[in-house]
Amino acid sequence: MKKRSFKVAALLMSGALLCSSCIGSFGLFNKYEKWQCSMTSNKYVNGIVGLILQPIVGGICLVVDALVLNTIEFWTGNSPVTASTIQKVQGQDGRYYAVKTLKNGYEVTSPTGEVTLFLHDAATDGWSMTQNGVTKELFRFNSDGTIQATLQNGQKLTVGNDEAGLQQVREALATDNFYALR
C-alpha cells in the first residue's frame with residue numbers, strides 16, 4: 001500500500017511540475033513544425049514525411065522544449081531558440097528586408113545590403129538607431145510613464161504614453177519636415 005501511494009504521489013508531483021503555468025514559447029518544436037510543413041513544395045510529401053518523423057523528432061523536440069528550453073526562458077526571460085532568428089519583412093516600398101532578432105534589439109538589412117541596428121539600452125530604457133556608424137536616440141521611457149521622443153532636429157519632446165502623445169509626436173515631425181523642405 002505504501003509503495004502504491006508513493007508512486008501515485010510522485011506521479012502527481014511530476015505532473016504538477018510539468019503542467020505549471022510557466023508554459024513558454026516552445027520555440028524548438030515550432031521551428032521543427034515550420035520546417036516539416038515547408039520542407040518540400042508538395043504538401044502530400046510533407047504529410048507523409050511528417051507521419052514518419054513526428055513521433056520521434058517531434059516528441060524529442062517537445063520534451064526538450066518542456067523540460068530544458070522553456071525553463072531557461074522562464075528564468076532568463078529570453079528564449080535560447082528564438083534569439084538570432086531572421087525574418088523577411090515586406091516594407092512599404094514593396095521590397096523585402098531581412099530582420100534579425102538580437103539579444104538587445106534588431107538588425108535590419110535592406111535589399112541593397114545596408115544594415116541598420118535598432119538597439120534597446122536597459123540602463124536608460126531607451127531605443128536608438130545606428131546607421132552608417134552614426135547612432136541616434138529615438139525615444140526612451142521615463143519612470144513617470146511618459147515617453148521622451150527625439151525629433152529629427154535633435155529636440156526632445158516628452159509626451160504621454162497614449163494616442164494623444166503619439167499624435168503630438170506626429171505633429172512635431174510633420175512641422176519639423178515642413179521647415180526642412182523650405
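This is a predicted model: local features need pLDDT of at least 70, side-chain atom pairs count only at pLDDT 80 or more; totals for chains, interfaces and linings use all residues.
**Group meeting: surface patch, strand pairing and salt bridges**

Let me begin with V68, which at a relative accessible area of 45% is partly exposed, a class that lies between buried, under 20% relative accessible area, and exposed, over 50%, with a 1.4 Å probe and protein chains only. Residues are numbered from 1 along each chain as its sequence is written, and side-chain values use heavy atoms, with hydrogens and water left out.

V68 sits in helix α3, residues 43-76; helices (H or I, at least four residues) and strands (E, at least two) are DSSP runs, numbered from the N terminus. Together with I56, I60, V63, V64, L67 and I72, V68 makes up a nonpolar surface patch with about 590 Å² of accessible area. Such patches take residues with over 30% relative accessible area and no salt bridge, joining like charges within 9 Å and nonpolar side chains (Val, Leu, Ile, Met, Phe, Trp, Tyr) within 5 Å, and the areas come from the Shrake-Rupley method with a 1.4 Å probe, where for residues only the protein chains shown count as cover.

Turning to the strands, β5 (residues 126-131) pairs with β6 in the antiparallel sense over six bridges, where pairing requires that DSSP finds at least two bridges between two strands. S128 stands opposite E137 of β6, and in the hairpin of β5 and β6, with two residues between the strands, the turn residue N132 has a positive phi of about 55°. On to β7 (residues 147-150), which is antiparallel to β6 over three bridges, with I147 as the bridge partner of F141. Five residues separate the strands of that hairpin, and G145 there takes a positive phi near 95°.

How many salt bridges does the structure hold? There are three, each defined as a side-chain nitrogen of Lys or Arg within 4 Å of a carboxyl oxygen of Asp or Glu. E137 meets R140 at 2.5 Å, N to O, and also K156 at 3.4 Å, N to O. The latter pair links distant parts of the chain, 19 residues apart, with E137 in β6 (residues 134-141) and K156 in β8 (residues 156-159). Through shared partners, E137, R140 and K156 are joined into one network. R140 is partly exposed at 25%, as is K156 at 47%.

The remaining salt bridge is that of D93 and R95, whose closest N and O atoms are 3.0 Å apart; D93 is partly exposed at 44%, and R95 likewise at 38%.
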